Protein chains: 2
Amino acid sequence: MSTMLWEQIIVDTEDRIPLYKQISQQFEQMVHEGRLKPGVRLPSERKMAEILRVSRMTLTLAYEEMKSRGIVRSQQGSGTFIMKGPRIDTSEQAITWHTNFAYQTDSVNLAMEEIMRFGRDSNLIHLAGVGTAAEVHPGIDFSQCFAEHLRKNPILLQLPAPTKGYEPLIHEVQSWLQDGGILAEEKEIMIVSGAMQGLDLISRLFLGPDDYVIMEDPGFLAASDAFAATGAKILRITHDREGIKVDSIENLLMQFPVKFIYINPTFHNPTGITMSLQRRKKLLEIAKKYRVPIVEDDPNSLLYYKRKPVPSFKSLDKDHLVIHLQSFSKYLFPTIRVAVLVAPVGIISNLVKIKQRVDLHSNNLTQIAVHGYLAEGRLHKHVKKLREAYDIRLALIKKILSNKPNLECVFPDGGVFLWCKIPKGISSERLLEIALKKGVSFVPGSWMSGVGMYENYIRLAFTHPPPEALEKGIDLIDQAINEYYSYQY
Amino acid sequence: MSTMLWEQIIVDTEDRIPLYKQISQQFEQMVHEGRLKPGVRLPSERKMAEILRVSRMTLTLAYEEMKSRGIVRSQQGSGTFIMKGPRIDTSEQAITWHTNFAYQTDSVNLAMEEIMRFGRDSNLIHLAGVGTAAEVHPGIDFSQCFAEHLRKNPILLQLPAPTKGYEPLIHEVQSWLQDGGILAEEKEIMIVSGAMQGLDLISRLFLGPDDYVIMEDPGFLAASDAFAATGAKILRITHDREGIKVDSIENLLMQFPVKFIYINPTFHNPTGITMSLQRRKKLLEIAKKYRVPIVEDDPNSLLYYKRKPVPSFKSLDKDHLVIHLQSFSKYLFPTIRVAVLVAPVGIISNLVKIKQRVDLHSNNLTQIAVHGYLAEGRLHKHVKKLREAYDIRLALIKKILSNKPNLECVFPDGGVFLWCKIPKGISSERLLEIALKKGVSFVPGSWMSGVGMYENYIRLAFTHPPPEALEKGIDLIDQAINEYYSYQY
């Protein structure tokens with residue numbers, strides 16, 4: 001396609017509308033006017049930046065904006081394409097269903113889908129998503145425990161289930177939280193179908209199209225996806241070695257009416273960084289000063305390798321500022337879909353009202369199973385085993401990486417992720433294309449960013465494959481890097 | 001409170017805004033201006049209708065509108081109260097959380113909450129909500145089956161779970177649907193966490209604040225609740241003996257851009273009515289003519305007592321007009337939270353995208369359990385047992401009611417509900433107050449209505465309590481009716 005079309009895009013630096021918005025708006029108009037047809041491949045960000053005479057970052061923001069608005073979709077390796085426009089669905093005749101949609105499903109992040117797909121592909125060494133290590137998977141122990149409970153007491157299945165959660169489980173969870181330094185009353189605890197549902201309920205309660213939310217960049221994909229679903233604007237804050245930059249947060253709080261701050265402060269996904277105690281206290285102060293809630297996502301702080309991490313925000317919170325999310329996915333297995341949400345009573349009561357409309361209550365069978373496993377102290381034992389196993393894995397990885405200069409990784413003190421820098425100039429999305437052909441998956445850094453950064457970073461989840469597969473997988477990624485420039489697409 | 005305040009409400013019949021809206025808007029303004037304080041009890045609809053010189057129906061609509069907007073809340077028996085205004089929550093100091101809410105949780109229907117609460121109150125004979133009869137509860141059989149599966153094959157718990165559902169279950173469900181006359185491909189089937197989640201996903205996909213949806217009146221509470229959550233307007237259609245009035249539907253379709261028609265055509269909740277085949281065909285024609293999807297909620301058409309009901313809409317649908325929801329709650333037990341959604345591929349793919357943001361995927365443990373129970377043909381046998389058991393129960397109820405002239409009930413050909421007329425002038429909501437004190441629960445007809453009708457109807461769910469409790473419960477309701485006028489509040 002000639003560059004003529006692009007040259008019609010006028011960027012006015014005098015205008016009070018941000019440059020990236022000016023660009024994305026004009027693109028959207030072209031699409032609606034049919035001047036840009038679905039499927040059209042856009043020039044690379046670099047090329048387009050030259051054409052429009054704007055900075056690479058402005059262009060990246062413009063493309064991200066268009067992605068989030070479902071105007072374009074980028075496909076790993078192959079570029080960015082126009083999405084919107086009349087869609088054809090051969091399976092429907094009588095109704096053009098899509099014209100009836102109120103929900104902009106084009107805007108749903110494709111990365112999560114991809115990662116889940118990789119996990120189901122048995123031909124791949126899965127370093128993209130988290131799974132429980134086979135050598136310590138609680139499946140057998142867990143199902144025996146549960147089978148016994150069911151055999152002894154099948155009447156369990158006839159119990160009514162409150163929206164807030166299975167009471168005996170909430171009771172057990174209370175002391176489980178206490179072990180972690182969180183003193184919560186039972187009325188401050190609710191059970192949700194995985195942290196994902198917690199994020200969805202919180203998003204629905206607080207966020208609308210005109211709202212702002214702050215989160216880390218890079219940060220948890222599924223979280224930004226849940227926030228984006230409400231139409232809210234996501235403000236991104238970067239990290240340093242001590243964690244998210246608190247000064248930058250205050251800076252944003254002065255300018256935007258932020259609904260809440262979402263953080264994953266311990267063994268952060270994807271960087272593995274743990275926020276320092278000093279900085280946690282500072283963020284709590286600021287949150288109090290600006291009266292902004294903090295949503296603390298804490299999926300794996302019990303998976304420390306050597307020593308316990310600093311206290312959670314919830315345990316430091318004296319002012320009822322914090323909503324705490326703790327999933328059992330990493331402690332048991334991801335498909336269990338049981339997580340705990342701890343918040344002030346006034347929040348729980350409202351989240352419960354929304355949940356009632358969403359699924360009435362979480363599945364009882366699983367809540368009963370987790371309760372049994374928790375009540376008999378088996379989970380505590382199991383988590384200890386996980387810590388040991390993952391410590392061993394990390395040692396193995398350090399050995400493997402010692403002779404892999406292509407992968408500069410930060411080694412965390414706990415958790416399940418490795419954040420690695422790859423040589424400058426290599427696109428992690430294109431690298432993934434090569435790696436997949438070689439039989440290994442990982443998450444490109446850019447997928448974890450809301451502003452198109454971390455192009456030359458990758459996230460490795462090291463808890464799932466057996467040790468030998470782990471070694472092979474990392475070797476394959478290293479090979480992919482070495483062959484990157486010679487590789488034919 | 002003097003009627004002076006109400007007389008400030010001006011109703012202009014010339015105005016193009018509907019009368020009921022004029023009224024509700026002025027109420028809302030009074031609340032926001034502080035002229036009406038939270039907790040204030042409003043005059044009865046009859047009284048207020050006189051004061052404002054409008055019809056009772058206009059007033060009912062105005063009050064319903066205010067309820068749905070969270071301006072007022074009605075409490076059974078005790079009247080309608082102003083809700084909105086500065087709320088106090090002692091548990092939070094630093095943040096006035098509620099001011100941060102985007103979701104109007106005041107608008108959540110309280111009836112569902114009540115019904116669930118009744119179900120957990122062991123002192124009550126529970127005729128309000130559905131449960132599986134103890135004499136045929138599959139708990140033991142189901143848990144044995146599941147326990148075996150887990151023991152034999154604990155690796156099951158390590159399987160990845162697609163958002164669309166556990167594949168082996170979808171495969172089994174396909175032939176299960178085929179037995180019911182529904183020919184669907186696996187890609188047209190998805191598993192959801194109960195029909196409630198199905199309704200939530202459908203609502204999110206299709207409905208926004210400016211949209212319209214048609215449903216039955218009286219109709220399924222949780223459905224109207226899910227629709228209302230999107231801000232969409234719900235248009236209500238009444239029944240006759242043949243089911244929902246199709247002519248009235250066409251009438252509405254001519255006037256409003258309706259997103260979909262929600263129906264529960266077989267053993268309808270709460271009336272028990274089954275829509276005739278002729279009328280089903282007519283509705284399908286109209287839906288095709290106006291290009292409006294039909295959402296068919298079909299939770300219990302297999303629970304027929306004597307002969308099979310007429311074919312489902314999905315099985316009659318040649319034009320991909322129908323989204324079919326089928327829950328296992330009534331066939332197994334309500335806390336199982338597994339339901340099937342059948343729709344055109346283009347719909348499934350979009351619902352899956354939304355579900356990914358909502359909970360990533362439904363709980364695998366339960367899907368595995370249901371799969372095992374289904375694959376071994378145990379569910380088919382069990383449903384047959386249910387039919388026999390419920391047929392016996394209905395016979396018992398007919399006997400009990402033969403000498404209860406206060407309760408004029410319609411006896412259905414299947415399902416789990418009895419819809420009974422109580423003597424004119426008796427408020428079913430007030431009657432519930434008395435009945436609860438006597439130790440029995442039921443659902444007042446007005447709770448099932450979106451327009452405040454069916455004041456002198458009640459819904460009895462007869463599948464849960466043991467036969468003797470069932471008889472006692474009905475006796476207590478009869479007593480409550482006899483004591484109604486003499487009863488002291």
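The model is predicted, so to speak of local features a pLDDT of at least 70 is needed, side-chain atom pairs count only at pLDDT 80 or more, and totals for chains, interfaces and linings use all residues. Residues are numbered from 1 along each chain as its sequence is written, chains are lettered from A and ligands numbered from 1 in the order in which they are written, and side-chain values use heavy atoms, with hydrogens and water left out.

Let's start with the helix pair; helices here are DSSP runs (H or I, at least four residues) and strands are runs of E (at least two), numbered from the N terminus. Axes are lines fitted to C-alpha atoms, for helices over the stretch in contact, and angles run from 0 to 180 degrees between N-to-C directions.

| Helix pair | Residues | Angle | Axis separation |
|---|---|---|---|
| Helix 8 and helix 9 of chain A | 194–206 and 221–229 | about 30° | 9 Å |
| Helix 8 and helix 9 of chain B | 194–206 and 221–229 | about 30° | 9 Å |

In chain B, helix 8 is therefore roughly parallel to helix 9, a label for angles under 35 degrees. Residues in contact (heavy atoms within 4.5 Å) are Met196(B), Leu199(B), Asp200(B) and Ser203(B) from helix 8 of chain B, with Ala222(B), Ala223(B), Ala226(B) and Phe227(B) from helix 9 of chain B.

Helix 8 and helix 9 of chain A are likewise roughly parallel to each other. Their contact involves Met196(A), Leu199(A), Asp200(A) and Ser203(A) on helix 8 of chain A, and Ala222(A), Ala223(A), Ala226(A) and Phe227(A) on helix 9 of chain A.

**Where the chains meet**

Now for the interface: 86 residues of chain B and 87 residues of chain A take part in the contact. Together the two chains bury about 7,700 Å², with 61% of it on carbon and sulfur atoms; buried area is the accessible area (1.4 Å probe) that two parts lose on being put together, summed over both.

Between chain B and chain A there are 4 salt bridges, each a side-chain nitrogen of Lys or Arg within 4 Å of a carboxyl oxygen of Asp or Glu. Asp225(B) and Arg357(A) form a salt bridge through their side chains, at 3.3 Å from N to O.

**A salt bridge within chain A**

Over all chains, the structure holds 44 salt bridges. One of them joins Arg236(A) to Asp217(A), with the closest N and O atoms 3.3 Å apart. This pair links distant parts of the chain, 19 residues apart: Arg236(A) lies in strand 7 (residues 233–237) of chain A, and Asp217(A) in the loop between strand 6 (212–216) and helix 9 of chain A.

How values were computed
Parallel < 35°, antiparallel > 145°, perpendicular 65-115°, else oblique.
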